[in-house]
Amino acid sequence: MNFNKHLNLEGRHAFLGASKYHWIHYSEDKIAESYQKFLAVQKGTMLHEFAAQCIRLGQKLPRSQKTLNHYVNDAIGYKMAPEQILLYSENCFGTVDAIAFRNGLLRIHDLKTGAVPAHMEQLEVYAALFCLEYQIKPSEIEMELRLYQADDILISNPTVEDIAPIMDKIIRFDKIIRNIKEREEQL
């Protein structure tokens, strides 16, 4: 049989796809709710891309207490780099929304566009990754972490006692994963 070619769909996944088959058990209300969440994630991705572009271009947004405007304007004001990958290993890395390190102060900002409450632990992991990648002791720097969500800003100033255990866990867990990968490659 000659199967139809769908080149424009290669690598993509349909919302009602077979690999996410749980939808076959959803009610009409549940599928509508699930699709609304999917759209919200897509909108969040677009807002992040827009914010990063504004920051790169130095294009401030109108002064407002709105989450996006405040986040973009603060990142520009603090001369932050948007969408920066922080890497410890292929097993542990992440993309921080905005980051700056100057005069012994690490500044990390995160834009949250969804309704799910954000957690500062994500930013603490970014701080740990930064310290590991750039071989900076968290005891020798100051840190300010900011979460922008729901027209509010949560600010945290973690200490070495907050970040060092995360760094240790990254190192230990990465070693466990590398050992498993090595054993799998030998099979």
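## Fold and cores of a predicted chain

Of the 187 residues in this chain, 34% count as buried. The model is predicted.

The chain holds 4 helices and 5 strands. Along the sequence they run α-α-β-β-β-α-β-β-α. The radius of gyration is 20 Å, well over the 16 Å from the globule rule for 187 residues, so the chain is more spread out than a compact globule. Its C-alpha atoms fill a box of roughly 65 × 55 × 30 Å along the principal axes. Take the contacts between residues at least 6 apart in sequence: 53% of them join residues at least 24 apart.

| Property | Value |
|---|---|
| Accessible surface of the chain | about 13000 Å² |
| Share of that surface from carbon and sulfur atoms | 55% |
| Positive side chains | 22 |
| Negative side chains | 25 |
| Distance between the centres of the two charge sets | 4 Å |

The largest nonpolar core has 25 residues. Leu86, Ile99, Leu106, Ile108, Leu123, Phe130 and Ile170 have the most contacts inside this core. At least two core residues come from each of strand E2 (92-102), strand E3 (105-111), helix H3 (120-133), strand E4 (142-149) and helix H4 (160-186). H3 gives the most, with 9 residues.

Which residues does Ile108 contact, leaving aside its neighbours within four places in sequence? They are Met80, Val96, Ala98, Ile99, Leu123, Tyr126, Ala127, Glu144, Leu145 and Arg146.

Another core, of 14 residues, lies apart from the largest one. Among its members are Cys54, Leu61, Ala75 and Leu111.

Definitions and conventions:
Residues numbered from 1 in each chain as written. Predicted model: local features only at pLDDT ≥ 70, side-chain atom pairs only at ≥ 80, totals over all residues. Heavy atoms only, no water. Rg over C-alpha atoms; globule rule 2.2 N^0.38 Å. Buried < 20%, exposed > 50% of the residue type's maximum accessible area, 1.4 Å probe, protein only. Contact = heavy atoms within 4.5 Å. Areas by Shrake-Rupley, 256 points an atom, 1.4 Å probe, with all protein chains shown as cover. Lys, Arg positive; Asp, Glu negative; His and termini not counted. Charge placed at Lys NZ, Arg CZ, Asp CG, Glu CD. Core = buried A, V, L, I, M, F, W, Y, C linked by side-chain atoms within 4.5 Å.
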